[in-house]
Amino acid sequence: MNTAEADIEEKDISQCEKLDKTLKQLISNAAKMMEECRRVAKIDAESIINEANIRAQKSVKEAQEELTKIQEEVNRLKDIRNHFNKEMKNIIARNAARLDLYFEPSLTKSTEA
């Protein structure tokens, strides 16, 4: 092998070594970028989960508040119904005696005598 061939072979080896070094650098950089992408994706996912939890808590709180309002309204309406029933019973009781006297006047005469 002559020196010209040896020089060409040495240049080829040198180029292969540079290419190998460049490829290793690219692989290392790609691995670092992939790890960074994973880290950012994890942060984004945690942020999305936190936002979803906040929204869910807000929805639950609003639903509980609405339930409380409905329960209060139901209790208010029950109170109104109970008051109405009591008043109706009083009205019926007051007028029942009058109706008895109206339809059975003999009771009045016998009690007046």
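Q: What kind of model are we looking at?
A: Residues are numbered from 1 along each chain as its sequence is written, and side-chain values use heavy atoms, leaving out hydrogens and water. Local features need pLDDT of at least 70, side-chain atom pairs count only at pLDDT 80 or more, and totals for chains, interfaces and linings use all residues, as this is a predicted model.

Q: Which residue forms a salt bridge with Glu36?
A: Side chains of opposite charge can pair when their charged atoms come close. A salt bridge here is a side-chain nitrogen of Lys or Arg within 4 Å of a carboxyl oxygen of Asp or Glu. For Glu36, the closest N and O atoms of the pair are 2.6 Å apart, and the partner is Arg39.

Q: How many residues apart are Glu36 and Arg39?
A: Both residues lie in helix α1; helices (H or I, at least four residues) and strands (E, at least two) are DSSP runs, numbered from the N terminus. Arg39 is partly exposed at 43% relative accessibility. The step from Glu36 to Arg39 is about one turn of the helix, or 3 residues.

Q: How many salt bridges does the structure hold?
A: The pair of Glu36 and Arg39 is one of them. Lys24 with Asp20 makes another. The structure's count comes to 4.

Q: How far apart are the closest N and O atoms of Lys24 and Asp20?
A: Lys24 and Asp20 share helix α1 and sit 4 residues apart, about one turn of the helix. Lys24 is exposed, with a relative accessible area of 54%, whereas Asp20 is partly exposed at 37%. In their salt bridge, the closest N and O atoms are separated by 3.3 Å.

Q: Why are Arg76 and Glu73 separated by about one helical turn?
A: Arg76 and Glu73 form a salt bridge, with their closest N and O atoms 2.7 Å apart. Arg76 is partly exposed at 43% relative accessible area, and Glu73 is partly exposed at 36%. They are about one helical turn apart because their spacing in helix α1 is 3 residues.

Q: What distance separates the C-alpha atoms of Lys86 and Ile54?
A: Lys86 is another residue of helix α1. Lys86 counts as exposed, since its relative accessibility is 54%. Along the chain, Lys86 and Ile54 are 32 residues apart, and their C-alpha atoms are separated by 48 Å.

Q: Which helix contains Met88?
A: Met88 has a relative accessible area of 33%, so it is partly exposed. The helix that holds Met88 covers residues 3-103 and is called helix α1.

Q: What percentage of the residues are buried?
A: Picture the box first: the C-alpha atoms fill roughly 160 × 15 × 10 Å along the principal axes. Of the 113 residues in this chain, the buried share is 0%.

Terms used:
Buried < 20%, exposed > 50% of the residue type's maximum accessible area, 1.4 Å probe, protein only.
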